[in-house]
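Here is a short briefing on the structure below. Keep the sequence and the 3D view open while you read.

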Amino acid sequence: MIGKLDKIVSFFESMDNQEKINYLIDYSDRFKEVPDSIASKPYPKEKKVEYCESGVYVWTVINPDGTPKFYFHIENPHGVSAMALCSILDEGLEGATIDDILNLDTEIVYRIFGHNLSMGKNLGLIGIIQMIIRQVKQLTLDSY
Amino acid sequence: MKKIKERGYFNPDVLVTTDWVDENLDNKEIRIVESNEDPLLYSKGHIPGAVQIDWTNDLNHQVVRDYIGRDEFEKLMIKNGITNNTIVIFYGDKSNWWASYAFWVFQLFGHTKAKLMDGGRLKWEKEGRKLTRDIPHYPETQYKAKPRNDADFRAFREDVVAHIKHGLPLIDVRSPEEFSGQRLHMPDYPNEGALRGGHIPGAINIPWAKAINPEDGTFKDADQLKELYITENNLNENDELVAYCRIGERSSHSWFVLKYLLGFNNIKNYDGSWTEWGNSVGLPIQK
């Protein structure tokens, strides 16, 4: 896994439940909305993560150095778990290569949030990671 | 907006307004309880003095698909500083889905001193009212729960089988797409394990959301609710009625509307809902 993301995920695994909640809230507070320069409303449906309860949209842009950068929008103002995960991904995937993204493991959702989330919530969060992988795959294919 | 008492509800005492809650934050006779779809939301900010009761971790049994037992419920009440006389005020996200669900579970244990905050968390936030991240700590209480009474509130799979055999009315409160079988899950929600799409034979579809005002999540007036359930869908207050959805949360919301706001006196919630019926061997479905 990507070094930075790996560190964050391992850090979460070492926490007790209350610490985990505090850090997740901290990450959710740092959630950054997609800037107007990347996307404008109404956002296209194909950018929306299927099956995510919080209505998450994902955009992938390839930087000049070939690394991908991800942007997010979350429809549900109460989608705190989604905000936290998007923020973790934004920070943890900085500098990651295309191959790193294609090899991302969706298990990180369980490693970060634990196994106490409902099935629906887990599937939605996993869907965000799957969307990232799918978009990178698509961009990679398009470049050939 | 009309006052709750002026909206024509059968039992207006089960609802309080955001104004009322704001004025009663220091009221020692109440305990404000937040129940959400996203368990992190409470920690992001909640009504001052509110405690969190989470449907998965607090109300559901951890190894059986069922609710907690009497002992666990008593412990939950004691931990949250709730006595048998405490008036519990529920609120939450998603127009009070999970707040209604928690309210319903409390009824299994006979805690009738319970109310919903009309409009839930969304309305509180829209009105710019105070939220805090301070977690309150209340002294432990004494609490004696009644033995769990499923019979008056829950319908089980076998009850529903008998119900349809007798041609009794069933309400499916999911979206029209889920009802028709076009989708196995709510739009934008994951498929939580249902193998087949459709509905329980004979059920009528009255989506839960038709009972609320979409702009603030408050309940519609009794006249509008009667028009929806009684006039348009031919239901009667004395009907033996069962409501269901996907896992029992949206149907708790409709159960609350029918039982307390309209006075249906024989309604139960089939909490097994579509995730049980849609997967069960030998059970018929309709598309």
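The model is a predicted one.

**Chain B: overall form**

- Chain B has 287 residues, and a compact globule of that length would have a radius of gyration near 19 Å. The value for chain B is 18 Å, which agrees with a compact globule.
- The C-alpha trace of chain B spans about 50 × 45 × 35 Å along its principal axes.
- Buried residues make up 57% of the 287 in chain B.
- Take the contacts in chain B with a separation of 6 or more: 76% of them join residues 24 or more positions apart.

**Chain B: surface and charge**

- Chain B carries 37 positive and 43 negative charges.

**Chain B: two positive phi values in one loop**

- K94(B) lies in the loop between β4 (87-91) and α5 (97-108) of chain B. S95(B) is placed in the loop between β4 and α5 of chain B too.
- K94(B) is not a glycine, yet its phi is positive, near 50°.
- S95(B) is not a glycine either, and its phi is positive at about 55°.
- Are these residues buried or partly exposed? The cut-off for buried is under 20% relative accessible area. K94(B) has 22%, so it counts as partly exposed. S95(B) has 14%, so it counts as buried.

**Chain A: the buried side of α1**

- Helix α1 of chain A runs over residues 3-13. Its buried residues are L5(A), I8(A), V9(A) and F12(A).
- Those four cover an arc of only 95° around the axis, so they sit on the same side of α1(A).
- The spacing rule behind this is simple: an α-helix has 3.6 residues a turn, so residues three or four places apart point the same way.
- What covers the buried residues of α1(A)? The cover includes α2 (17-29), α3 (80-92) and α5 (108-113) of chain A.

**Chain A: a cis peptide bond**

- The peptide bond from K41(A) to P42(A) is cis. Its omega is near -5°.
- P42(A) belongs to the loop between α2 and β1 (56-62) of chain A.

Terms used:
Residues numbered from 1 in each chain as written. Chains lettered and ligands numbered in written order. Predicted model: local features only at pLDDT ≥ 70, side-chain atom pairs only at ≥ 80, totals over all residues. Heavy atoms only, no water. Rg over C-alpha atoms; globule rule 2.2 N^0.38 Å. Buried < 20%, exposed > 50% of the residue type's maximum accessible area, 1.4 Å probe, protein only. Contact = heavy atoms within 4.5 Å. Lys, Arg positive; Asp, Glu negative; His and termini not counted. Charge placed at Lys NZ, Arg CZ, Asp CG, Glu CD. Arc of directions from axis to C-beta.
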